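Me: I have a protein structure open and would like to learn how to read it. Could you walk me through a few features?

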Amino acid sequence: MRRNKMRVTGAVAVSAVLALGAVSCSDDDGGSGGDGVTIGFMGDLTGENSGLVVPPYQGAQLAIEQYNATNPKVKITLKKYDSQGKPEQATTLVQGAIKQDKIVGLIGPAFSGESQSVNPILNEAKVPSVTPSATQITLAEKGWTYWHRVVADDAVQSAGAGEFLANAGVKKLFTVSDNQDYGKGLADAVGKAVQAKGAQIKSDAVDDKAADYSSTVNQINQFKPDAVYFGGYYAVAGRLFKQLREGGYKGKMMSGDGSLAAGLIEGAGQQNAQGALLSCGCLIDAAGKTNEKAKKFAADYKAKFGSEVAIYSTEGFDAATAFIEALKAGKTKAEDINGFLKTLSFDGVGKPIKFDEHGELAAQDIFIYEVKGNTLPLLGNSKEAKVA
């Protein structure tokens, strides 16, 4: 995710509340005593964005607890750093993590804004990081040699969503954005991707603080598109989708990872939201339909935390596993771990984990979700997902 401020509601927030008990437990996940290393997790764990960050923290916690339970020679202490998504707070925390806590690696930061502030410090200290959820394109262009992510960036999401819409037979697409950097960039890129496949494109922007989008709805109905793609966050997407359906629009509606939350359904109304499509570089596979690892992870996660896997929980697990694989290979010092990450290759819960020379995930999969009832189940990989 790219935005630092985002209101969390509905089932996502409920998941976060249920998870706070686990988050407030001791930072020592079996790593104290004997040989051990400390790995940090940084993100908004208690603030307004915690619904997006508690799931990857829980995923990381589960991976590390399972590893420590094997009684390895080198155990891991998972230390959490609650930045509340604020870059200035994250900067202070990471300095303590490096100097006082002697972390050998960091899972996170969760958001792109804090990543911009934290990673120069990590890079200078030669401490590797693996973020489960920071998607801003420019993070990979900074020349940080200790930075990695296990999620595709916004450019890849745009291409994946565009390919999916083209494969779904969309010949006329209307793109709408909230006119903010993330939303406009995503909507524009999706439009270009579909246009390259021969589709007609029209676009408009809405005010994310406004409540009436009738002007945009009228333009859409006049254009009669096969699909509408919204770039932005679920609060605006919910209002737009509600007004589209109430205004008589019958075609497909789609948005990106910023709308992948129960708040979308609440905002649009359950009936209006039915069939809405969402794209994300994250895998949320509560049913375990993609592979056996995902099935086991979903079952273990629910048994541990009492809730279904959620946004970026899979990526948190895979990010932690990247560090675990380094320890298994005998790499216990930060620089040695970073060197190992450059050669790392394993099948993660949701996708192959292998980093390119810039720290980007080599396998950049995008997944599609579809609103059904009051849920957001996985439809499939963007290259293969089918919609009626």
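Reply: Gladly! Let us begin with a term: buried means under 20% relative accessible area, exposed means over 50%, and partly exposed lies in between (1.4 Å probe, protein chains only). This is a predicted model, where local features need pLDDT of at least 70, side-chain atom pairs count only at pLDDT 80 or more, and totals for chains, interfaces and linings use all residues. Residues are numbered from 1 along each chain as its sequence is written, and side-chain values use heavy atoms, with hydrogens and water left out.

Me: Is glutamine 116 buried, exposed or partly exposed?
Reply: Glutamine 116 has a relative accessible area of 25%, so it counts as partly exposed. Its place is in helix α4, residues 112–125. Helices (H or I, at least four residues) and strands (E, at least two) are DSSP runs, numbered from the N terminus.

Me: Which residues is glutamine 116 in contact with, leaving aside its neighbours within four places in sequence?
Reply: Contact means heavy atoms within 4.5 Å. By that rule glutamine 116 meets Gln136, Thr138, Leu139, Lys142 and Trp144. Leucine 139 is 23 residues away along the chain, yet the two C-alpha atoms are separated by 7.1 Å.

Me: How many aromatic pairs does the structure hold?
Reply: A pair of aromatic rings is described by the distance of the centres and the angle of the planes. Rings of Phe, Tyr and Trp (its six-membered ring) pair if their centres lie within 6.5 Å; planes under 30 degrees apart count as stacked, over 60 as edge-to-face and the rest as tilted. There are six aromatic pairs here. One of them joins phenylalanine 41 and tyrosine 57, edge-to-face, at 5.2 Å centre to centre with 85 degrees between the planes. Phenylalanine 41 lies in strand β1 (residues 36–43) and tyrosine 57 in helix α2 (residues 50–68), so this pair ties together parts that are 16 residues apart in sequence. Phenylalanine 41 is buried, at 0% relative accessible area, and tyrosine 57 is buried too, at 1%.

Me: Why is the pair of tyrosine 301 and phenylalanine 305 called tilted?
Reply: The ring centres of tyrosine 301 and phenylalanine 305 are 5.0 Å apart and the planes meet at 55 degrees, so the pair is tilted. Both residues sit in helix α11 (residues 292–305), four residues apart, which is about one helical turn. Ring pairs also link Phe297, Tyr301, Phe305 and Phe317 into a cluster.

Me: How many residues of α2 are buried?
Reply: In α2, 17 of the 19 residues are buried, so the helix is largely enclosed by the rest of the structure. For its length, the expected span of a helix is 1.5 Å times one less than its number of residues. From first C-alpha to last, α2 reaches 26 Å, close to the 27 Å expected.

Me: Which residues have the most contacts inside the largest nonpolar core?
Reply: In soluble globular proteins, nonpolar side chains tend to be buried together. A nonpolar core is a set of buried Ala, Val, Leu, Ile, Met, Phe, Trp, Tyr and Cys residues joined through side-chain atoms within 4.5 Å. The largest one here has 92 residues, and Ile107, Phe241, Leu244 and Tyr369 have the most contacts inside it. A second, separate core has 18 residues, including Tyr182, Val190, Ala199 and Tyr233.
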